[in-house]
Every structure is written in C-alpha cells, then in structure tokens.
Amino acid sequence: MTPVQYSAASQQVVTAFEAQSEAQQSSTYWSEDAVDPVRAEIKSHYIEDQNYTCVYCKRQIATANKALWDAEHVICRDKVPRFMFTPQNLAVSCRDCNIAKGQTEVRATMRRKFPNESKHYRIVHPHFDNYSDHIRWLGDICVPLTDKGVETQATCGLTRFTAKLLGIDGVLVNPGFDRYVGDLLKAKNRAEAKAAIAAISTYVEDIPQK
Ligand SMILES: [Zn+2]
C-alpha cells in the first residue's frame, strides 16, 4: 500500500495538530470543519490505492462515494490521538469491519513512537503485512492461516459472512467452521483431510436451524 501524501493545504492542518502537545491533542479534532478536506483526501487516496477493497474483509465496494467508506485508523484515534494523521496508520475499511473493530487494542508492543513494523501489531496491518500470508478466503469462509489471521478474524468480525451463509444471526461465537476448513486446506495427508471433513460435518449438523 502507498501511504497518503498530503497536499500543501492539508499538510498545514496536519502540522497544526501535530505541533500541539499530547495533552492538547483531542480525537475530536478529526471531525472539525477544517479537517474536512484532509479527511476527503485520505479517503480518496486509499479508496483508489486499495482498489475499492476493504483492508480487513477484502470485499470490494465499487464506489468512490466517500459516505460509503470509513476512514480507518489502525490504532484507534480515540486511544492515541497523536497518530491521527500518520499516513501508515490510515486506510479505508467497510463500515461493518470498522464497527466490529471499534476501539480494540491492536498493538502487540506499547511504544511512544509510531509502531512501524509488522511485529508491533496483533492484527494484519494494511501497510506492514501481506494479507494473503495471514488470511485466505474460500468464498465467504474466512480461513486464518496465522495467529495474526485469527486475531484479525476476531477483531473485525470476519466470521459474519459464514454466519450469514449458515443462517445464523450475527457473528459466530466459535468460529469453528472456518478453523476446520483451514485444517482441511492445510491437511498433509488423507487422514488429516478426513478428520477435518468429519469435524466440519459435525459442526454443521450441530448448528440450530431456524
Ligand atoms: Zn470490511
């Protein structure tokens, strides 16, 4: 992903905020009128750069209409206002992923400086990680391949697509189905594949149907 580069006018707004002391920096600055053009610039850049695709669920929303996209702060701006305009803390996401993620702490390490490496995060980072190393999608089934994949699935509610597929309201409490599908994908021999298929069958049989 290419980090956003601010126009001269936007950079002034950003610099004004970043020149404030940490105690003065408020997350509500984001919603001020003066920040309107900056927010628009951020969204336009990432919508295009991400090819109209949410960074977490990888669903495509074929519109540049900014009202249908959320500006995503990987480290939540309510938690840490000082990273509000850090280009590598920014992306766009779909509304459902953004709402599911909420104010969840995504840092693996707490440091004062902006965490700028993959290992500093518990979830798949849009700028520092290669998504396909951590999560694979089989249609609507999210298959986590790593611990980061598992964390991202839980943080962004990525089982919601499987839940819908299986006729369950909301997010799966136990994303077993996805995990077993992952086991099936990673099966090294027929015995492992059979065990995964059996687990999937049992799991599906146990789901209460409406
Ligand atoms: Zn999404």
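Colleague: Is Cys-54 buried or exposed?

Modeller: Cys-54 is buried, since its relative accessible area is 0% and anything under 20% is classed that way. Please keep in mind that this is a predicted model.

Colleague: Noted. What does the zinc ion have to do with that residue, Cys-54?

Modeller: The SG atom of Cys-54 is one of the zinc ion's ligands; the others are SG of Cys-57, SG of Cys-94 and SG of Cys-97, at 2.3 to 2.4 Å.

Colleague: What geometry does the site have?

Modeller: The site is tetrahedral, and the angles among the four donor atoms run from 102 to 116°. As a reference, the ideal angle for four tetrahedral donors is 109.5 degrees.

Colleague: How are the donors spaced along the chain?

Modeller: The spacing is C-x2-C-x36-C-x2-C.

Colleague: And Cys-57, buried or exposed? What about Cys-97?

Modeller: Cys-57 has a relative accessibility of 1% and therefore counts as buried. Cys-97 is buried too, with a relative accessible area of 0%.

Colleague: How many disulfides are there?

Modeller: The count is zero. Cys-76, for instance, takes part in no disulfide, and the cysteine sulfur nearest to it, in Cys-156, is 13 Å away.

Colleague: Where does Cys-76 stand in terms of burial?

Modeller: The relative accessible area of Cys-76 is 8%, so it is buried.

Colleague: Changing topic to the fold: how many helices and strands?

Modeller: The protein chain has eight helices and four strands. Along the sequence they are arranged as α-α-β-β-α-α-β-β-α-α-α-α.

Colleague: How do strand 1 and strand 2 run relative to each other?

Modeller: They are antiparallel, and four bridges join strand 1, residues 70–73, to strand 2. Within this pairing, Ala-71 is positioned opposite Val-92 of strand 2.

Colleague: Which residues cover the two sides of strand 2? I mean, which are buried on each face?

Modeller: In strand 2, residues 90–93, Leu-90 and Val-92 are buried on one side, while Ala-91 and Ser-93 are buried on the other, so both faces are covered. In a regular strand, side chains alternate between the two faces of the sheet.

Colleague: Next, helix 7. Which of its residues are buried?

Modeller: Helix 7 spans residues 176–186, and its buried residues are Gly-176, Phe-177, Asp-178, Val-181 and Gly-182.

Colleague: Then the loops. Where is His-125?

Modeller: His-125 belongs to the loop between helix 3 and helix 4. With a relative accessibility of 0%, His-125 counts as buried. Leaving aside residues up to four places away in sequence, His-125 touches Val-74 and Gln-88.

Colleague: And where is Asn-116?

Modeller: Asn-116 also has its place in the loop between helix 3 (95–101) and helix 4 (131–134). Its relative accessibility is 39%, so Asn-116 counts as partly exposed.

Colleague: Which residues does Asn-116 touch?

Modeller: Asn-116 touches Arg-111 and Phe-128, when residues up to four places away in sequence are not counted. As for Arg-39, it is 77 residues from Asn-116 along the chain, and their C-alpha atoms are separated by 22 Å.

Colleague: What about backbone angles: what is phi of Tyr-52?

Modeller: Phi of Tyr-52 is near 60°, which is a positive value in a residue other than glycine. Tyr-52 sits in the loop between helix 2 (36–49) and strand 1, and at 24% relative accessibility Tyr-52 counts as partly exposed.

Colleague: And phi of Lys-58, what is that?

Modeller: Phi of Lys-58 is near 65°, again a positive value in a residue other than glycine. Lys-58 is located in the loop between helix 2 and strand 1, and its relative accessibility of 38% makes it partly exposed.

Colleague: Finally, the chain overall. What box do the C-alpha atoms fill?

Modeller: The box is roughly 60 × 35 × 25 Å along the principal axes. Of the 210 residues in the protein chain, 44% are buried.

Colleague: What share of the contacts is between residues 24 or more positions apart?

Modeller: Such pairs account for 58% of the contacts in the protein chain that have a separation of 6 or more.

Key. Residues are numbered from 1 along each chain as its sequence is written. This is a predicted model: local features need pLDDT of at least 70, side-chain atom pairs count only at pLDDT 80 or more; totals for chains, interfaces and linings use all residues. Side-chain values use heavy atoms; hydrogens and water are left out. Donors are N, O and S atoms within 2.8 Å of the metal (3.2 Å for Na, K and Ca); water is not among the atoms, so sites may look incomplete. Four donors count as tetrahedral if all angles lie between 85 and 135 degrees; four count as square planar and six as octahedral if opposite donors are over 155 degrees apart and all others between 65 and 115; anything else is irregular. Buried means under 20% relative accessible area, exposed over 50%, partly exposed in between (1.4 Å probe, protein chains only). A disulfide is a pair of cysteine sulfur atoms within 2.5 Å. Two strands pair if DSSP finds at least two bridges between them. Contact means heavy atoms within 4.5 Å.
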